[in-house]
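Colleague: Please show me the model, and then we can go through some questions about it.

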Amino acid sequence: MDASTILKQLACAGDAFKENEPGSREELIARSRALIAALELPSEFILQTLWAEPARSAIIRLAVDVHLFQHIKEAAPAGLSLAALSQKTGVELDLLTRLIRHLVAVNVLVFHPGGIHGTALSDSLADERYQRTILCCYDVVWRALEAMPAYFKNNAYRSPTPGGTDGPFHQAHGTNLGLFDWIIATPSQLQNFDALMKTYRAGKVNWFAEGFYPVSQRLVCGFDLKIGDAFLVDVGGGEGHDVAALVGTYENLPGKVVLQDRKPVLASISNGAEGRAFEIQSYDFFTRQPVKGARAYFLHSILHDWCDEDGVRILENLVPALVKGYSRVLLYEIVVSEEKPTLAATTMDLVMICHFGTRERTEVEWRRILGRVGLRVVGIYTYPGVAESLIEAELA
């Protein structure tokens, strides 16, 4: 696509952004990236992709260790001189100057005469959850992605075995453990991984928001206590980010909300504050679902961690708990467009192949795997700018 066409698209996206239309911010970013791709020379592309971006990532990782963004944020609005920042971080002045210059060049920080100032971005990165996310992305995920070329060359350019122990992640970290078991066995990374899970969708619209999935129409309406007292069961829901947000939005749900996951995952919230608006239950989704007749069973980014055969096993353990014509299976997953794949979808697809040997699925692939266990897709709900879709299914 030529630059003039993209500029027109940018103008339209800009108008939509002014009107606060859903997805317009993400469309502006996507069109801006397309414009850069249309304009930059191959030499500029290589410089940006293989020099500037890796350097930015490395400096941001270093910044976590020396609390760089926190010091700058605390100094607002006056800013900090490089000498003062050097004293606070312990980084040699000459080295710090060169690192800061790059962060200014890539718009993470701003230089004004007499000092360094933060941006909205750098101030956000000072938050502990983003600091831990940086650690997980750089120390865990990035290393697996970096191992891709050598791994695939040595593996005759074939995909790793799904759920196996020989993928890029295993090669990069020298382990035979799967990612989740490795995280649990590596305490220093457990909190960082949890932070990544919390921040991955930070700032995005939730699946139950108005205009996304109609909770009241599809779930609240028709709920029947005679069938079961469970309104929604979050299967493999981690520490409960989704259910906490759901019950915080819908304060008068007609039935109980249940969070399920393995004991090690639930350990950190088992002794949480009294009066929690949802129940917790230890459960392995490779065993039979113990909660029968719930209105909805919600699985957020669960099946993308597993190959088709394991996904079928997970669903087969869920199906006997369903009540035909009543229970819904809600999969909150990426549905890859075959014609217009998004950056979020393709990036996550590569993360999955590196860490699990699995994939993000197309609509055809989702319908196929659900059909194998006797489920049919009722609807696929999307929201502008959100990577995931809400797939609603029921017994066929």
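**Strands, a ring pair and an annotated residue**

Modeller: In β6, Tyr297 is the bridge partner of Val233. This is a predicted model, where local features need pLDDT of at least 70, side-chain atom pairs count only at pLDDT 80 or more, and totals for chains, interfaces and linings use all residues. Residues are numbered from 1 along each chain as its sequence is written, and side-chain values use heavy atoms, with hydrogens and water left out.

Colleague: Over how many bridges do β6 and β7 pair?

Modeller: Strands (E, at least two residues) and helices (H or I, at least four) are DSSP runs, numbered from the N terminus. Two strands pair if DSSP finds at least two bridges between them. Strand β3 (residues 230–235) pairs with β6 in the parallel sense over 3 bridges. β6 and β7 also pair in the parallel sense, and the number of bridges is 5.

Colleague: Which residue in β7 does His300 stand opposite?

Modeller: His300 is on one side of β6 with Ala296 and Phe298, while Tyr297 and Leu299 are on the other. Both faces are covered, and these residues are all buried, meaning under 20% relative accessible area with a 1.4 Å probe and protein chains only (over 50% is exposed, in between is partly exposed). In β7, the residue opposite His300 is Tyr332.

Colleague: What is the angle between the planes of Phe212 and Tyr332?

Modeller: Rings of Phe, Tyr and Trp (its six-membered ring) pair if their centres lie within 6.5 Å; planes under 30 degrees apart count as stacked, over 60 as edge-to-face and the rest as tilted. By this rule the count comes to 17 aromatic pairs. Phe212 and Tyr332 form one that is edge-to-face, with 6.1 Å centre to centre and an angle of 70°.

Colleague: How many residues apart are Phe212 and Tyr332?

Modeller: Phe212 is in the loop between α12 (187–199) and α13 (215–220), and Tyr332 is in strand β7 (residues 328–336). Both Phe212 and Tyr332 are buried. The pair links distant parts of the chain, and the separation in residues is 120.

Colleague: Is His304 buried or exposed?

Modeller: His304 is found in the loop between β6 (296–300) and α16 (308–318). The relative accessible area of His304 is 8%, so His304 is buried.

Colleague: With which residue does the side chain of His304 make a polar contact of 3.1 Å?

Modeller: A polar contact is a pair of N or O atoms within 3.5 Å; within protein, one must be able to donate a hydrogen and the other to accept it, and residues adjacent in sequence count only if both atoms are side-chain atoms. At 3.1 Å, the side chain of His304 is joined to that of Asp305.
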